[in-house]
Amino acid sequence: MNIAEWVAVFYPHKFYVGRVTDLPENGNPSLRFLDRRPEDVFVYRRDTEQVERRYIFRRQLRVELKGKNGFCITDYGGIEKDYEEFKKKYLLKGKVRS
């Protein structure tokens, strides 16, 4: 993983695409996430968030600038498919532990 790399992060309710802003040697990366707007335009959120590496389910995403402040995510449908697969594995692990 590298600084400025675009990644997809798993959360139980949905996934988010973000850009790596900080990458501590022995810690979890900080990301600045995108929020979805109408017509599949994405914009930066104001905050950054530290995430556990194990929840990053896809790396090296293609994200392109669209207009002044917006972004377009290439292969969004493929990311959604990967998310659903990751979610199934995550939920299955939770049931096995119970």
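**Exercise 1. Is Glu-52 buried, partly exposed or exposed?**

Start with the model. It is predicted: local features need pLDDT of at least 70, side-chain atom pairs count only at pLDDT 80 or more, and totals for chains, interfaces and linings use all residues. Residues are numbered from 1 along each chain as its sequence is written, and side-chain values use heavy atoms, leaving out hydrogens and water.

Step 1. Set the classes. Buried means under 20% relative accessible area, exposed over 50%, and partly exposed in between (1.4 Å probe, protein chains only).

Step 2. Read the value. Glu-52 has a relative accessible area of 36%, so it is partly exposed.

Step 3. Find its partner. Glu-52 meets Arg-54 in a salt bridge, at 2.7 Å from N to O. The term requires a side-chain nitrogen of Lys or Arg within 4 Å of a carboxyl oxygen of Asp or Glu.

Step 4. Classify the partner. Arg-54 has a relative accessible area of 53%, so it is exposed.

**Exercise 2. Find where the salt-bridged pair Glu-85 and Lys-88 lies, and classify both residues.**

Step 1. Check the distance. The side chains of Glu-85 and Lys-88 meet at 3.5 Å, N to O.

Step 2. Locate the pair. Both residues lie in helix H1 (residues 76–97). They are three residues apart, about one turn of the helix. Helices (H or I, at least four residues) and strands (E, at least two) are DSSP runs, numbered from the N terminus.

Step 3. Classify. Glu-85 is partly exposed at 43%. Lys-88 is exposed at 54%.

**Exercise 3. Which residues do salt bridges with shared partners join into one network?**

Step 1. List the members. They are Arg-45, Asp-47 and Glu-49.

Step 2. Take one link. Glu-49 bridges to Arg-45, with the closest N and O atoms 3.5 Å apart.

Step 3. Classify its ends. Arg-45 has 17% relative accessibility and therefore counts as buried. Glu-49, at 27%, counts as partly exposed.

Step 4. The structure holds nine salt bridges.

**Exercise 4. Describe the fold order and judge how compact the chain is.**

Step 1. Count elements. The chain has one helix and eight strands. From the N terminus, the order is β-β-β-β-β-β-β-β-α.

Step 2. Buried residues make up 35% of the 98 residues.
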